[in-house]
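Work through the exercises below with the sequence and the 3D view at hand. Each task is followed by a stepwise solution.

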Amino acid sequence: MKSTFPDSPGLRIAPSLLAADFSRLAEHVHVVEQAGAEILHLDVMDGHFVPNISFGVPIIKSLRTQSEMFFDTHLMIAEPGRYAEAFIKAGADLLTFHIEVTQEPEKVAEHIRSLGAKVGISINPDTPVSAIQDVIPEVDLVLVMSVWPGFGGQSFISDVLTKVAQLKPLLKQEQRLEIDGGIDPTTIGAAVAAGADTLVAGSAVFGQPDPVAALKKLEQHAASSLER
Ligand code: DX5
Ligand code: ZN
């Protein structure tokens, strides 16, 4: 039960489960899936690369039985290569790892791909685009962090939009440009205008009393920014 990488171009909101009520994970997953979300963003934190611990393989394995959404798995961990196989076996469709943790990103990307998953590379707010230039051809998605990784609910760092705009012309049409952190109705428009097509939103979806209405609101703001 796996969904495919959204290959049709266009905007996608990827709800981040980090902001959900962890005692009701399956319920929350069903709510956004029924509302039409195609991508579910899963934040894995190891307490080393980031100063927080979230969830790992067993949760993803359980959620895989509950959903056909594309599992966009954001590995905020120090050794992505070491755990790639376990996450993919559990049902992750894409593994995004951070450039800051590896000297050999091409090798990690190839390893993930050889295990049958899609690959993403991420940069922290202070990491320049030049750091990932060589690995871009090897990935399906580039993730620009618009907060410091580790926690949901932080304020959007608008300076990173320069990097989004810089990355856009470097990517092929089938490569997604994702932004993660502080995306809400007031920031999503600028992210889309800069070139992001995959918008992660945690607090702005699951932190709201009505996650479905919140998701629709984000979609509307994103789409209207494109029309402008
Ligand atoms: C932060 C995570 C984000 C987080 C986003 O380290 O990578 O995906 O869940 O949360 P919000 O949307 O609340 O900023
Ligand atoms: Zn994330």
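**Exercise 1. Decide how far strand β2 (residues 39-45) is enclosed, and name its pairing partner.**

Step 1. Count the buried residues: seven of the seven in β2 qualify, so the strand is largely enclosed by the rest of the structure. Buried means under 20% relative accessible area, exposed over 50%, partly exposed in between (1.4 Å probe, protein chains only). Strands (E, at least two residues) and helices (H or I, at least four) are DSSP runs, numbered from the N terminus.

Step 2. Find the partner. β2 pairs with strand β3 (residues 70-76) in the parallel sense, over seven bridges. Two strands pair if DSSP finds at least two bridges between them. Met45 has Met76 of β3 as its bridge partner.

A note on the source: this is a predicted model, where local features need pLDDT of at least 70 and side-chain atom pairs count only at pLDDT 80 or more, while totals for chains, interfaces and linings use all residues. Residues are numbered from 1 along each chain as its sequence is written, chains are lettered from A and ligands numbered from 1 in the order in which they are written, and side-chain values use heavy atoms, with hydrogens and water left out.

**Exercise 2. Repeat the analysis for strand β7 (residues 176-180).**

Step 1. Five of the five residues are buried, so β7 is largely enclosed by the rest of the structure.

Step 2. Arg176, Glu178 and Asp180 point one way; Leu177 and Ile179 point the other way.

Step 3. β7 pairs with β6 in the parallel sense, over five bridges. Here Arg176 is the bridge partner of Leu141.

**Exercise 3. How many salt bridges does a search of the whole structure find, and where do some of them sit?**

Step 1. Apply the criterion: a side-chain nitrogen of Lys or Arg within 4 Å of a carboxyl oxygen of Asp or Glu. The search returns 11 salt bridges.

Step 2. Take Asp93 and Arg64, which meet at 2.9 Å, N to O. Asp93 is in the loop between α3 (80-90) and β4 (94-98), and Arg64 is in helix α2 (residues 57-64). The two are 29 residues apart, and the pair links distant parts of the chain. Both residues are buried.

Step 3. Take Asp140 and Arg113, with the closest N and O atoms 3.1 Å apart. Asp140 lies in the loop between β5 and β6 and Arg113 in helix α4 (residues 105-114), so the pair ties together parts 27 residues apart in sequence. Asp140 is buried, at 12% relative accessibility. Arg113 is partly exposed, at 36%.

Step 4. Take Arg82 and Glu79, which meet at 3.1 Å, N to O. Arg82 is exposed at 58% relative accessible area. Glu79 is partly exposed at 41%.

Step 5. Look for a network: salt bridges link Asp21, Arg24 and Glu27.
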